[in-house]
Amino acid sequence: PFNDNFFGGKVSGFNRNWQVIDIAAANAALKPVTVGPGQTLTANGYVNNTSDGGVGQLNFALNNDTVSAYGMAKLETSLGGIRVRGNVGLRYEHTRSETVSTQYLAGVPSTVRQTQDYGEWLPSALIAADLTGKLVLRGAYYRSFVRPQPRQVSPTTVISGSGALYNVSLGNTKIEPFTADSVDVSLEFYNRPGGNISVAAFQKRISGLIGPITDRSQLCPANGGAFGFGLARNVRELYA
């Protein structure tokens with residue numbers, strides 16, 4: 001149980017019936033485990049439950065190698081007596097993603113490596129115009145991207161269910177990041193030292209948002225996709 005050192009002894013009146021587990025002692029008591037025929041061990045030394053789709057779906061190695069380059073130029077000029085200043089930049093980022101997983105094909109474990117390459121151009125610009133000594137018009141644009149989370153690029157296909165009802169979750173290591181284009185404009189009035197009154201507008205447009213696909217025409221194409229199964233037909237049609 002927790003002792004009086006909870007929060008460094010600076011918090012009183014806390015509930016003292018919380019329990020914690022000594023992980024080292026639990027591991028020492030539970031291991032070594034007995035490995036049965038055809039069974040394998042996890043990295044932590046416990047038996048893999050290969051009938052559980054989560055074993056392959058959520059247990060894999062993911063490595064991202066990233067190369068990036070960035071350039072920026074500062075700008076300052078005068079247009080109609082108005083001072084205009086700012087900067088423009090361009091960043092390129094290339095990612096090579098590799099997943100390594102253990103998949104069970106007909107009950108036999110096999111190590112599968114899959115790679116994916118993608119690159120993103122990320123421009124940006126910030127421009128400010130000094131309309132007067134106290135009034136500034138400012139605008140900005142930038143493009144950003146978000147890589148898929150590791151669980152979104154699971155390499156394993158999981159089939160569950162029984163009888164006439166099955167659920168198939170297809171893994172996908174070819175997911176690319178989603179991007180966003182952002183624009184904002186502001187009019188800023190510096191009415192006194194340390195003071196500012198401003199009005200701003202902002203817009204962000206997101207493209208390629210990552211989400212699950214449930215469209216059967218994409219998951220189960222009529223021609224069997226790349227598996228060579230030929231045209232799929234409704235079972236009822238075959239026996240009508």
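Strands, labelled E, are DSSP runs of at least two residues, and they are numbered from the N terminus. The legends below describe a predicted model.

**Figure 1. Overview of the secondary structure of the predicted model.** The protein contains four helices and eight strands. Along the sequence, these elements follow the order α-α-β-β-β-β-β-β-β-β-α-α. Of the 240 residues in the protein, 18% are buried.

Figure 2. Is Ser101 buried or exposed? Its relative accessible area is 2%, and because the limit for a buried residue is under 20%, Ser101 counts as buried. When residues up to four places away in sequence are left aside, Ser101 touches Phe60, Ser110, Thr111, Val112 and Pro155.

Figure 3. Ala140 is part of strand E4, which covers residues 135-146. With a relative accessible area of 17%, Ala140 is buried. Not counting residues up to four places away in sequence, the contacts of Ala140 are Ala125, Leu126, Ser182, Val183 and Asp184. Ala140 and Gly86 are separated by 54 residues in sequence, while their C-alpha atoms lie 9.4 Å apart in space. How do the strands E3 and E4 pair, in the parallel or the antiparallel sense? The pairing of E3 and E4 is antiparallel and runs over seven bridges. Within this pairing, Ala125 is found opposite Tyr141 of E4. The two strands make up a hairpin, with four residues between E3 and E4.

**Figure 4. Close-up of the salt bridge between Arg85 and Asp130.** How many salt bridges does a search of the whole structure find? The search finds nine salt bridges. One of them joins Arg85 to Asp130, with 2.9 Å between the closest N and O atoms. Arg85 belongs to strand E2 and Asp130 to strand E3, so this pair ties together parts of the protein that are 45 residues apart in sequence. Arg85 is partly exposed, at 26% relative accessibility, whereas Asp130 is buried, with a relative accessible area of 16%.

**Figure 5. Close-up of the salt bridge between Arg91 and Glu93.** The side chains of these residues meet in a salt bridge with an N to O distance of 3.0 Å. Arg91 is partly exposed, at 31% relative accessibility. Glu93, by contrast, is buried, its relative accessible area being 9%.

Figure 6. Arg143 and Asp181 form a salt bridge in which the closest N and O atoms are 2.8 Å apart. Arg143 is located in strand E4, and Asp181 in strand E7 (residues 178-189), so the pair ties together parts that are 38 residues apart in sequence. At 26% relative accessibility, Arg143 is classed as partly exposed.

Figure 7. Rolling a probe the size of a water molecule over the atoms shows where empty space is left. A search of the whole structure for cavities of 30 Å³ or more finds one. The largest cavity holds about 80 Å³ of space. Which residues line the largest cavity? The lining consists of Leu62, Asn64, Ser97, Gln116, Tyr118, Arg147, Pro148, Gln149, Val153, Thr173 and Ile175. By class, the lining residues divide into five nonpolar, five polar and one charged. At least two residues of the lining come from strand E1 (60-79), and at least two from strand E3 (108-130).

**Figure 8. Close-up of the peptide bond between Lys31 and Pro32.** Most residues other than glycine have a negative phi, and most peptide bonds are trans. The bond from Lys31 to Pro32 is cis, with omega near 5°. Pro32 is placed in the loop that runs between helix H1 (23-30) and helix H2 (53-58).

Note on methods. Residues are numbered from 1 along each chain as its sequence is written. This is a predicted model: local features need pLDDT of at least 70, side-chain atom pairs count only at pLDDT 80 or more; totals for chains, interfaces and linings use all residues. Side-chain values use heavy atoms; hydrogens and water are left out. On a 1 Å grid over the protein atoms alone, a cavity is a set of points where a 1.4 Å probe fits but cannot get out, and a pocket is an open set with protein on both sides within 12 Å along at least five of seven lines; lining residues have an atom within 4 Å of a point. Grid points are joined across faces, edges and corners, and a volume is the space filled by probe spheres set on the points. Ala, Val, Leu, Ile, Met, Phe, Trp, Tyr, Cys and Pro count as nonpolar, Asp, Glu, Lys and Arg as charged, and the others, Gly among them, as polar. Buried means under 20% relative accessible area, exposed over 50%, partly exposed in between (1.4 Å probe, protein chains only). Contact means heavy atoms within 4.5 Å. Two strands pair if DSSP finds at least two bridges between them. A salt bridge is a side-chain nitrogen of Lys or Arg within 4 Å of a carboxyl oxygen of Asp or Glu.
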